Amino acid sequence: MLWGQHRNRGVDHAPCAPFPLPRRLSLGAASAAYQVEGAWDSDGKGPSVWDTFSRVPGTTFMGSNGDVAVDHYHRLEEDLDLMKQMGLTAYRFSVSWPRLFPTGRAPLNPAGLAFYDRLVDGLLARGIEPVLTLYHWDLPQALQEEYGGWEDRRILDDFEHYCVTLYRHFADRVTYWVSLNEQNFNLTNAYLLGAHPPAVQDRRRFFNANHIASLANARAIRAFRRHVPKGQIGPSFAYSPAYPLTCAPADLLAFDNAEEFCNHWWLDVYCHGRYPRVALRWLEQQGEAPVILPGDMALLAEARPDFVGVNYYYTLTYTDNPLGGETLHRINHSGQKGTTPASGVPGLYKTAANPHLETSNWDWAIDPSGLRLALRRLTSRYDLPLMITENGLGEFDTLTAERVVDEYRIAYLKAHLIACQQAMADGVRLLGYCAWSFTDLLSWLNGYQKRYGFVYVERDEQGGTLRRIPKASFHWYRQVIASQGESLGDTPLS
């Protein structure tokens, strides 16, 4: 397979010295169905919760939605040809559950499955490894209406049936699979912040829905072992490593609380099959612990993944938050730098600006060393191979004279790829790196203004021609891929 495993190269570099990436390490890019495909009701597709939610006034930036997105559904061959031109060796994409099952369960929509046949076959024909994500937030609206989606255990059977349909169909063509993408980020926004569908703000409902999603992840992995015995599967986790603001004991305790509640709460379940004891005890005392039924923990324990997918964008810094302290949760969706307030959980932690780091216009800390730290922490705690399933910079890009010169994105990606090299020298087993994203796409709540892609798509919140224009970063990444990282010292802009 094109996707590789870390090999000890025996190079006598110091741990922090860059070195070429392993020759079998895949360098790719990523996307998600709702954010790129469009064709929201074409060829028998049913509505997702995002198709419904984005139509509610005030939920997204300027009312943007994925009805058309960047029209990847109708421009598949053009996009695949651009991937080959770039030299990608891997492409991570997600399947839209309601495109396959418009009502969430049988009958199957043949036209929906045919689209993913064309995508997978097109990737393989161009020498690109497909990395298939089973769930990237687009729950069928029918299941949300029928029983409340992730809040009801009936979803376990429906999700497993959906997964098994894909396993049986693609087992001979797809080796690498991602189960749930960013369960932590999606459900936090959906059930704590009220910013994703179903727009709830209830801590008890959050922890229960999250527990059911963890069981669904475990069921998906257990079924995978039966149907794709030669494949590999793991969840993708949005990992923002915690830092203490100062060395004051209260800040160190806040940092430890944040790491337990914001990271280990999911990762320990994925990799060890259990919740972190201190966090679970605190939730029990607050009356917020999830409802755990007989057999739940045994299921979680038997579903250890083959790897952990890491979606890394930034670190977060924490300080003490006494009882009665900061609880505000508001996210910068405008790109107006400096507008993100502190947020936290009274008695546990609250966020603080890190004085040592620059930030993007969306107030995301730019911290390549944080990626190295993330990979090291995960390796030491879980001892599993890792896959960078997302890493990228969302910014305002400007098309001038048919060019987008995004040096800032090149600098960001270069620094993070060097951090990957350093982490591998530290002993991290890195399977691959998928930058976010291949083309510009819809940012869920930020519209089309926040651009991540190597390929500029000419559209905004009002629409556009959807022309594809490779950016400077496209040509730079092509050279990085061709040299397997040996060209990281070069930054061509044409």
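## Basis of the model

The structure is a predicted model in which local features need pLDDT of at least 70, side-chain atom pairs count only at pLDDT 80 or more, and totals for chains, interfaces and linings use all residues. Residues are numbered from 1 along each chain as its sequence is written, and side-chain values use heavy atoms, with hydrogens and water left out.

## The barrel

Eight strands close into a barrel with parallel pairing, in the order S1-S2-S3-S4-S5-S7-S11-S12. From one strand to the next, the twist averages 30°. Helices (H or I, at least four residues) and strands (E, at least two) are DSSP runs, numbered from the N terminus; two strands pair if DSSP finds at least two bridges between them.

Strand S4 (residues 176–181) pairs with strand S5 (residues 232–238) in the parallel sense over four bridges. Tyr176 has Gln232 as its bridge partner in S5. Helix H5 (residues 110–125) packs on the sheet and touches strand S2 (90–94) and strand S3 (129–135). The direction of H5 makes about 170° with that of S2; axes are lines fitted to C-alpha atoms, for helices over the stretch in contact, and angles run from 0 to 180 degrees between N-to-C directions.

Helix H14 (residues 407–425) lies across strands S1 (26–30), S11 (386–390) and S12 (430–436), and runs at about 170° to S12.

The axes of helix H13 (residues 368–382) and H14 come within 8 Å and cross at roughly 30°. H13 is therefore roughly parallel to H14 (angles under 35 degrees count as such). Pro368, Leu371, Arg372 and Leu375 in H13 meet residues of H14 including Ala415, His416 and Ala419; contact means heavy atoms within 4.5 Å.

## The two sides of H11

In helix H11 (residues 277–286), the buried residues are Ala279, Leu280, Trp282 and Leu283 (buried means under 20% relative accessible area, exposed over 50%, with a 1.4 Å probe and protein chains only). These residues lie on the same side of H11 because they cover an arc of only 160° around the axis, taken from the directions from the helix axis to the C-beta atoms. Arg277, Val278, Arg281 and Gln285 are exposed on the other side.

The cover over the buried residues of H11 includes helix H9 (203–227), helix H10 (249–272) and strand S9 (344–345). Gly287 follows H11 and has a positive phi, near 75°.

## The surroundings of Val49

Val49 belongs to helix H2 (residues 49–53) and counts as buried because its relative accessibility is 6%. Val49 and Leu139 are 90 residues apart in sequence, yet 5.7 Å apart in space, C-alpha to C-alpha. Not counting residues up to four places away in sequence, Val49 touches Trp137, Leu139, Pro140, Gln141, Gln144 and Pro197.

How values were computed:
Angles under 35 degrees count as roughly parallel, over 145 as roughly antiparallel, 65 to 115 as roughly perpendicular and the rest as oblique.
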